[in-house]
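Biologist: I would like to learn how to read a structure feature by feature. Could we go slowly, with the general idea before each case?

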Amino acid sequence: MMPLILANAQVVHGDPTVAPRLTDILLRDGRIAAVGERRTFDATDAEVLDLTGRALLPGLIDLHVHLCLTGAPRSDELYRTEAPERLIARMVGLAQRHLHAGVTTIRDLGGPEPGIFVVRDAIADGLVEGPRVLAAGLVVTITDGHGSWIGAIADDLAGIQVAVNGRIDSGADAIKIISTGGVHTRTSDLMTVQYSEEELRAGVHAAHARGRTVATHASNPRGMQNAIRAGVDTIEHGVFLDDETADLMARRGTTFVPTLVATQLFEPRADHPEIPDYVREKAAVTVPAHRDNFPRAVHAGVTIAAGTDAGSTFVDHGLVALELEALTRFGLSPLEAIAAGTRNAARVIGLDDEIGTVDVGKAADLLVVDGDPTERIANLRNVGLVVRSGRVVHSRWSDVAVGARST
């Protein structure tokens, strides 16, 4: 099919230091072939799509997803009882929700093996539509620790090394280690520190030696500090963040994925009858703490990247736009929030040469929205067009065919 020109778009680059500009984009062979005035493009045979009044930006990235969970209360119970084949089908459908919301890359931080790898590979091979998936598989945690119901159990330093290498041998793109207790495991206490700095360093070294990044679930300061000093790449949640830990994170260059939307969406439905009492009791502490403590990271200058904890209670899939809105309520500018969901996130997963900004040569993973999200961040919800690897995979406009590809 013909090359595709996206014309007259307000292009939001992804780097917050680059001012948005009105320009044209040429897509060819699944990549961004040119950015500038279309009269200079060598593409006389190209189809032209006029995007006047609309903004174009890199496809969004969600760094914290659980495709095996639906967002309904007790969905972990469904995960544990559902047939593997049916679960795979469900995960494909949930992945597609992300894509239709303009999320073209996701990092799954806790899912069944090999099911999550089957979903990832089916999408990559073009068997089904979906976003690019990077998958951690089982989380590394202690006996009866947080996430043990979806975990590879490791109770000492040697066990962590075995568990990390086991995940990589199984096909993991990234590693997730549970450093502290959490909300959604009955036997887990929020203030528990599951691993020492030495144990975490062994796990990080094992992962980095084989080219994998490490994310860690960490809620309390001591657990976060152990993980930061051990060299993890991202801290997830950070509910009880204090100033000392925020400063350490900033100095070490550790990226923070706060998943603000997870507590934001839980709060108004905390009395839902299906929520287990132990979850409600712990959330009564974590919800206000998350809201009160996140600004410490902003003030310390910590690098922020976007993740939603999609699949956790009341967090549907495809809500990165809401996470970016939440970031602006805590002091980030719209451009900085968009960078959290594009450039910063791409750097975390080592794909910044491929995605995350609108640059020539990068994959044509793009989102077009009605209105200007740099003026009103909520415009990110007004998804008009989603392009994945140069192919239109979702469109609200009747004159744009889904499946159109730049070749």
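Modeller: Let us begin with contacts, keeping in mind that this is a predicted model. Contact here is a matter of heavy atoms within 4.5 Å, and for A7 we set aside the neighbours within four places in sequence. What remains for A7 is T23, D24, R38, V48, L49, D50, L51 and T52.

Biologist: Where does A7 lie, and how far from T52 is it in sequence and in space?

Modeller: A7 lies in strand 1, which covers residues 4-11. Between A7 and T52 there are 45 residues in sequence, yet from C-alpha to C-alpha the separation in space is 7.4 Å.

Biologist: Is A7 buried or exposed?

Modeller: Buried means under 20% relative accessible area, and A7 has 1% relative accessibility, so it counts as buried.

Biologist: How many residues of helix 11 are buried, and what do they pack against?

Modeller: Helix 11 is mostly covered, with eight of its 10 residues buried. These are V320, A321, L322, E323, L324, E325, A326 and L327, and their packing partners are strand 6, strand 7, helix 8 and helix 12. After helix 11 comes G331, whose phi is positive, near 110°.

Biologist: Which residues other than glycine have a positive phi?

Modeller: Among them are T259, with phi near 50°, and D309, with phi near 65°. T259 is in the loop between strand 14 and helix 8, while D309 is in the loop between helix 10 and helix 11. T259 counts as buried at 0% relative accessibility, and D309 is buried too, with a relative accessible area of 11%.

Biologist: How should I describe two helices that pack together?

Modeller: Two packed helices are described by the angle between their axes and by the distance between those axes. For helix 4 (residues 157-170) and helix 5 (residues 197-209), the axes come within 9 Å and cross at roughly 25°. Angles under 35 degrees count as roughly parallel, and helix 4 and helix 5 are therefore roughly parallel to each other. Their crossing is right-handed.

Biologist: Which residues of helix 4 and helix 5 meet, and of what classes are they?

Modeller: From helix 4 come L157, I160, Q161, V164, N165 and I168, and they meet E198, E199, L200, A202, G203, A206 and A207 of helix 5. By class, this contact has eight nonpolar, three polar and two charged residues.

Biologist: How many aromatic pairs does a search of the whole structure find?

Modeller: The search finds four aromatic pairs. In one of them, the rings of Y79 and W149 have centres 5.6 Å apart and planes at 65°, so the pair is edge-to-face, since planes over 60 degrees apart count in that way. This pair links distant parts of the chain, 70 residues apart, with Y79 in helix 1 and W149 in the loop between strand 9 and strand 10. Y79 counts as buried at 13% relative accessibility, whereas W149, at 22%, counts as partly exposed.

Biologist: What are the distance and the angle for F294 and F330?

Modeller: F294 and F330 are 5.4 Å apart, centre to centre, with 85° between the planes, and this aromatic pair is edge-to-face. Distant parts of the chain are linked here, 36 residues apart: F294 is in the loop between helix 9 and helix 10, and F330 is in the loop between helix 11 and helix 12. F294 is buried, at a relative accessible area of 1%, and F330 is partly exposed, at 21%. Together with F256, F294 and F330 form one aromatic cluster.

Methods
Residues numbered from 1 in each chain as written. Predicted model: local features only at pLDDT ≥ 70, side-chain atom pairs only at ≥ 80, totals over all residues. Heavy atoms only, no water. Axes fitted to C-alpha atoms, helices over the stretch in contact; angles between N-to-C directions. Helix = DSSP H or I, 4+ residues; strand = E, 2+ residues; numbered from the N terminus. Parallel < 35°, antiparallel > 145°, perpendicular 65-115°, else oblique. Left-handed = near helix turned anticlockwise from the far one by under 90°. Nonpolar A, V, L, I, M, F, W, Y, C, P; charged D, E, K, R; others polar. Phe/Tyr/Trp six-rings, centres within 6.5 Å; stacked < 30°, edge-to-face > 60°. Buried < 20%, exposed > 50% of the residue type's maximum accessible area, 1.4 Å probe, protein only.
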